[in-house]
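I opened the notebook to look through one structure.

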Amino acid sequence: MGDEPLVLGIETSCDETGIGIVRGSTLLADVVASSVEEHARFGGVVPEVASRAHLEAMVPTLAEACRRAGVRPGDLDAVAVTAGPGLAGALLVGIAAAKALALGLGVPLHGVNHLAAHVAVDVLEHGPLAEPTMALLVSGGHSSLLLVPDVTADVRPLGSTIDDAAGEAFDKVARVLGLPFPGGPHIDRVAGAGDRAFVTFPRGLSAPKDLARHRFDFSFSGLKTAVARWVEAKEAQGEPVPVADVAASFQEAVVDVLTRKAVAACREHGVDDLQIGGGVAANSRLRALAADRCAAVGIRLRVPRPGLCTDNGAMVAALGAAMVARGRPASALDLPADSSLPVDVVAR
Ligand code: KG4
Ligand code: ZN
């Protein structure tokens, strides 16, 4: 194990300042400072607030990660950082810190894709990834289906959301139902006592005419509007809104489409392994329905624990370590922040 590379990963693409340290595929430390509380009153992440919070959290979070891992910066073999996609100003803070560390320590810098890192993280929990793996990434910022022959070099987008991300839909519907931000965990909780079949909300891009063009794409904005209209109609009639039933019915519409398309992608591409990641992967109904549907057709399902599904530095470190192990070239020290880094560009 001593021969495996000691890699520090920095993640600052959104509102989490994440620093992770791994040795090969062993997690040594994973420290996350979140500014989510500062955004709550705005109902969404405010980029300038996030950038400033990263700046304030960076040095203490780095120090804490080294302390927990029991390593000194001088022990590191490489530094990895999220190069994109994400909020430009937020990414810049992490990239500046990573460059300073790599330059100061004289170790290689690996700028990596945030989405590939969400896939790579599962090596820390469940061991080497199957090659190929199908990945369903669902969070507040992204909803993608990826065919992943090699997470260090070959990630192929099959589809993504054409409007709202899955987590964004949870957050917006939560607001309609009077639940706090971020809404996903609250919807999950109240839906537990609700009737999933209470209202049949629309399943976006699932009709035959849509499937022809958007086989593996998602759309959640029509669903969000349908829930809002349903709630408004109830309120207009002066009737109470059955929050648990609406939450459960909405949640069912989201996870039905996600799991159906993910399983179809596996079958059509002959892939036997599905991994789910991103903050929405914490959803209890998504996990249960995915498990049922995968088991029914013999697909192995892997979902990292919730702390590794949401944004963190360990996922960046894990991908960096895989890059080092596979001998992938390091990034140049003028590595830019690319807020719209395409998903198939695994490293910069
Ligand atoms: O991955 P993440 O922490 O940050 C990014 O957006 O990249 O994901 C956050 C999203 C939020 O939209 C949040 O509402 C959603 O994940 N989320 C959930 C659950 N826990 C978090 N959505 C549904 N059910 C949950 N249990
Ligand atoms: Zn993410």
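These are my entries on this predicted model.

**Entry 1: H6 against H10**

I began with helix packing. Two packed helices are described by the angle between their axes and the distance between those axes. I took helix H6, residues 166-176, and helix H10, residues 243-268. Their axes lie 11 Å apart, at an angle of about 175°. Angles over 145 degrees count as roughly antiparallel, so H6 and H10 are roughly antiparallel to each other. I then listed who touches whom. H6 brings Ala166, Ala169, Phe170 and Val173 to the contact, and H10 brings Phe250, Gln251, Val254 and Leu258. I sorted these by class and got 7 nonpolar residues, 1 polar and no charged.

**Entry 2: H6 against H9**

I stayed with H6 and turned to helix H9, residues 221-236. Here the axes come within 10 Å and cross at roughly 10°. Angles under 35 degrees count as roughly parallel, so H6 and H9 are roughly parallel to each other. Lys172, Val173 and Val176 are the H6 residues in this contact. They meet Lys224, Val227, Ala228 and Val231 of H9. The class count is 5 nonpolar, no polar and 2 charged residues. I noted that Val173 of H6 is in the contact with H10 and also in the contact with H9.

Next I looked for empty space. Rolling a probe the size of a water molecule over the atoms shows where such space is left. The largest pocket holds about 1,000 Å³. It is lined by 36 residues, and those closest to its centre are Cys14, Ser139, Gly140, Gly141 and Asp171. Which elements give two or more residues to this lining? I found H6 and helix H7, residues 184-191. H6 has the largest share, with 6 residues. By class, the pocket lining has 12 nonpolar, 16 polar and 8 charged residues.

**Entry 3: the cavity**

How many cavities of 30 Å³ or more does the whole structure have? My search gave 1. The volume of the largest cavity is about 40 Å³. Its lining consists of Pro202, Arg203, Gly204, Phe218, Ser219, Phe220, Leu223, Ala253, Val254 and Val257. H10 supplies the largest share, 3 residues. I counted 7 nonpolar, 2 polar and 1 charged residues in the lining. Val254 turned up again: this residue lines the cavity and belongs to the H10 side of the contact with H6.

**Entry 4: the zinc ion**

Which residues coordinate the zinc ion (ligand 2)? I found His114 (NE2), His118 (NE2) and Asp311 (OD), at 2.1 to 2.2 Å. Along the chain the donors follow the spacing H-x3-H-x192-D. His114 sits in helix H4, residues 114-120, and Asp311 in the loop between helix H12 (306-309) and helix H13 (313-325). These two residues are 197 residues apart, and the pair links distant parts of the chain.

I finished on the backbone. Most residues other than glycine have a negative phi, and most peptide bonds are trans. I noted these exceptions.

- The bond from Gly84 to Pro85 is cis, with omega near -5°. Pro85 is in the loop between strand E4 (78-84) and helix H3 (88-105).
- The bond from Glu131 to Pro132 is cis, with omega near 5°. Pro132 is in the loop between helix H5 (123-126) and strand E6 (133-138).
- Leu205 is not a glycine, yet has a positive phi of about 50°. Leu205 is in the loop between H7 and helix H8 (208-213).

How values were computed. Residues are numbered from 1 along each chain as its sequence is written. Chains are lettered from A and ligands numbered from 1 in the order in which they are written. This is a predicted model: local features need pLDDT of at least 70, side-chain atom pairs count only at pLDDT 80 or more; totals for chains, interfaces and linings use all residues. Side-chain values use heavy atoms; hydrogens and water are left out. Axes are lines fitted to C-alpha atoms, for helices over the stretch in contact, and angles run from 0 to 180 degrees between N-to-C directions. Helices (H or I, at least four residues) and strands (E, at least two) are DSSP runs, numbered from the N terminus. Angles under 35 degrees count as roughly parallel, over 145 as roughly antiparallel, 65 to 115 as roughly perpendicular and the rest as oblique. Contact means heavy atoms within 4.5 Å. Ala, Val, Leu, Ile, Met, Phe, Trp, Tyr, Cys and Pro count as nonpolar, Asp, Glu, Lys and Arg as charged, and the others, Gly among them, as polar. On a 1 Å grid over the protein atoms alone, a cavity is a set of points where a 1.4 Å probe fits but cannot get out, and a pocket is an open set with protein on both sides within 12 Å along at least five of seven lines; lining residues have an atom within 4 Å of a point. Grid points are joined across faces, edges and corners, and a volume is the space filled by probe spheres set on the points. Donors are N, O and S atoms within 2.8 Å of the metal (3.2 Å for Na, K and Ca); water is not among the atoms, so sites may look incomplete.
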